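Subject: Structure for your review

Dear colleague,

Please find the structure below, followed by a summary of what was found in it.

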Amino acid sequence: MKKNMNTGWLVAGAAAAGAVCCSLVRKKKEKDRDYSGYGKTVLITGASSGIGMEFADVFASNGFDVVLTARSEEKLKSIARDIEFNYPVNADVIPADLSTAEGVDILYNTVKQRGIRIDQLVNNAGTGVFGSTVDVDTDKLSELIQLNITSVTLLCRLFGADMKQRHEGRILNVASLGAFMPDPYFNVYGPSKAYELYLTEAMSGELRSSGVSMSVLCPGPVRTGLAKKLGKAESRFALTPREVAEAGFRGMQSGELIIIPNWKFHLLKDVICHLPVRCRIAFIRAWQEHLLANGPDDIFRN
Ligand SMILES: NC(=O)c1ccc[n+]([C@@H]2O[C@H](COP(=O)([O-])OP(=O)(O)OC[C@H]3O[C@@H](n4cnc5c(N)ncnc54)[C@H](OP(=O)(O)O)[C@@H]3O)[C@@H](O)[C@H]2O)c1
């Protein structure tokens, strides 16, 4: 048992050193790369706030036309106005509730009716519910599964098929570092992100020779207010949504399959994944309890 643990730490240390070196080499290469998106259009879900809003700005600043979707129409319109003011690109808005099957239909059909060709898709919209799986409201769980799993799958299916026909395209699914580890108190959020990770990996195998590239972004905590909304304290290791969107954009354009922004999160993932499963669960449970204890008072509001 002790020998296994030592080997685990050695492997984790080597993996961390490898991750730091790869990230330095990648950064150097990226400096010279051109990610110009002139003439191309990206569809971004969950573009009304947080990481999605930053994705919209990063894509537009690289010359992409953008199609923005979320439920908050007014917020989307204001973001689209700012983008068209700041960059020589078009910004379209399609409001849709992706926690319903009709929402996915509305989005896909509106894109078709407007004659827009989607060259790249960022499945960023997502939500979480905090609390033990046996306590949280069942409607909220179903909504989460519909948004984080069903809609992501259907959008990959619909836009992926169009891209396959044209022999080009890129899809980025925004998962989480939680995809790699058990996450007590985060009920089906972690498993839904693990699903996104495996879906992306499976589709990248299927589409390997079709010219369509699949990527999945797995950030650790991000300073978007999501943690506070869920009743937790913001982690002090949290990245800014801009850092995450930029890392996602670069990774996606260079065809990376799994994108983990920041070497610290690579290290965390490698260390945690080499712990025995019960230690993993205990470690993350303790961390979540720490964040809960330091979060806003109105926790466990299901
Ligand atoms: N923040 C983190 O610490 C963190 C860490 C790892 C991964 N992530 C992932 O990153 C992604 C973005 O999260 P964020 O932190 O930027 O959160 P956020 O600021 O709360 O943004 C979520 C976005 O999703 C949209 N959305 C929510 N429910 C929707 C629905 N039913 N239909 C359509 N759109 C909906 C929201 O817009 P409307 O409310 O206007 O619909 C908003 O634009 C999520 O997939 C999340 O799981 C976040």
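By class, the shell around the ligand consists of 13 nonpolar, twelve polar and two charged residues. Please note that this is a predicted model. There are 27 residues around the ligand, and those that come nearest are Gly46, Gly50, Arg71, Ser72 and Gly126. Two or more residues of the shell are given by each of helix H2 (50–61) and helix H7 (226–229). Of these, H2 provides the largest share of the shell, namely three residues.

Most residues other than glycine have a negative phi. Asn187, although not a glycine, has a positive phi of about 35 degrees. Asn187 is located in the loop between strand E5 (169–174) and helix H6 (189–206). Is Asn187 buried or exposed? Asn187 is buried, because 22 other C-beta atoms lie within 10 Å, and the cut-off for a buried residue is 20 or more.

Asn262 is likewise a residue other than glycine with a positive phi, in this case near 80 degrees. The loop that holds Asn262 runs between strand E7 (258–259) and helix H9 (263–273). With 18 other C-beta atoms within 10 Å, Asn262 is partly exposed, since that class covers counts between the limit of 12 or fewer for exposed residues and that of 20 or more for buried ones.

With kind regards

Definitions and conventions
Residues are numbered from 1 along each chain as its sequence is written. This is a predicted model: local features need pLDDT of at least 70, side-chain atom pairs count only at pLDDT 80 or more; totals for chains, interfaces and linings use all residues. Helices (H or I, at least four residues) and strands (E, at least two) are DSSP runs, numbered from the N terminus. A residue is near a molecule or strand if its C-beta atom, placed from the backbone, lies within 6 Å of it. Ala, Val, Leu, Ile, Met, Phe, Trp, Tyr, Cys and Pro count as nonpolar, Asp, Glu, Lys and Arg as charged, and the others, Gly among them, as polar.
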